[in-house]
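Subject: Structure for your files

Hello,

Here is the structure I said I would pass on. My notes on it follow below.

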Amino acid sequence: MPSILVLFAHPAFKRSKINAALRSAVEGVEGITIHDLYARYPDFLIDVQHEQHLCDTHDIIVFQHPFYWYSTPAIVKEWFDLVLEHGWAY
């Protein structure tokens, strides 16, 4: 069974309905790791090596976040820019 990493990023999770329901549907399911970026990095200081290790140790990565005018929340953009660096991701 593949291991799945859910990178969850919702800046207003307490007010969420859809994303909260989707997240609660998979919480506790074997083989699924939910990694809340806003909870882990409230200061936006992303631990690049830790994030790359999480990606390396999972078979599937799911990005769960609300869409903002066809874009992502700020922390997801920051995660993309830092974690998916040249020499590691491409």
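**Serine 71 and its surroundings**

Leaving out residues up to four places away in sequence, serine 71 touches His65 and Pro66, where contact means heavy atoms within 4.5 Å. This is a predicted model, in which local features need pLDDT of at least 70 and side-chain atom pairs count only at pLDDT 80 or more, while totals for chains, interfaces and linings use all residues. Residues are numbered from 1 along each chain as its sequence is written, and side-chain values use heavy atoms, with hydrogens and water left out.

Serine 71 sits in the loop between strand E3 (60-64) and H4; helices (H or I, at least four residues) and strands (E, at least two) are DSSP runs, numbered from the N terminus. Its relative accessible area is 38%, so serine 71 is partly exposed (buried is under 20%, exposed over 50%, partly exposed in between, with a 1.4 Å probe and protein chains only). Tryptophan 88 is 17 residues away along the chain, and the two C-alpha atoms are 24 Å apart.

**Helix H3**

Which residues of H3 are buried? They are Glu51, Gln52, Leu54 and Cys55. Viewed down the axis of H3, they fall within an arc of 155°, so they line one face of the helix (the arc is that of the directions from the helix axis to the C-beta atoms). Gln49 and Asp56, on the other side of H3, are exposed. The buried residues pack against E1, strand E2 (32-36), H2, E3 and H4.

Glutamine 52 has 9% relative accessibility and therefore counts as buried. Apart from neighbours within four places in sequence, glutamine 52 contacts Val83, Glu85 and Trp88.

**H3 against H4**

The axes of H3 (residues 48-56) and H4 (residues 74-83) come within 10 Å and cross at roughly 90°. The axes are lines fitted to C-alpha atoms, for helices over the stretch in contact, with angles from 0 to 180 degrees between N-to-C directions. H3 is therefore roughly perpendicular to H4 (65 to 115 degrees). Val48, Glu51, Gln52 and Cys55 of H3 meet Trp79, Leu82 and Val83 of H4.

**The core**

The largest nonpolar core has 13 residues, and those with the most contacts inside it are Ala9, Leu37, Ile46, Ile75 and Trp79. Such a core is a set of buried Ala, Val, Leu, Ile, Met, Phe, Trp, Tyr and Cys residues joined through side-chain atoms within 4.5 Å. Strand E1 (4-8), helix H2 (37-40), H3 and H4 each give two or more residues to this core; H4 gives the most, with 4 residues.

Regards

Key: Parallel < 35°, antiparallel > 145°, perpendicular 65-115°, else oblique.
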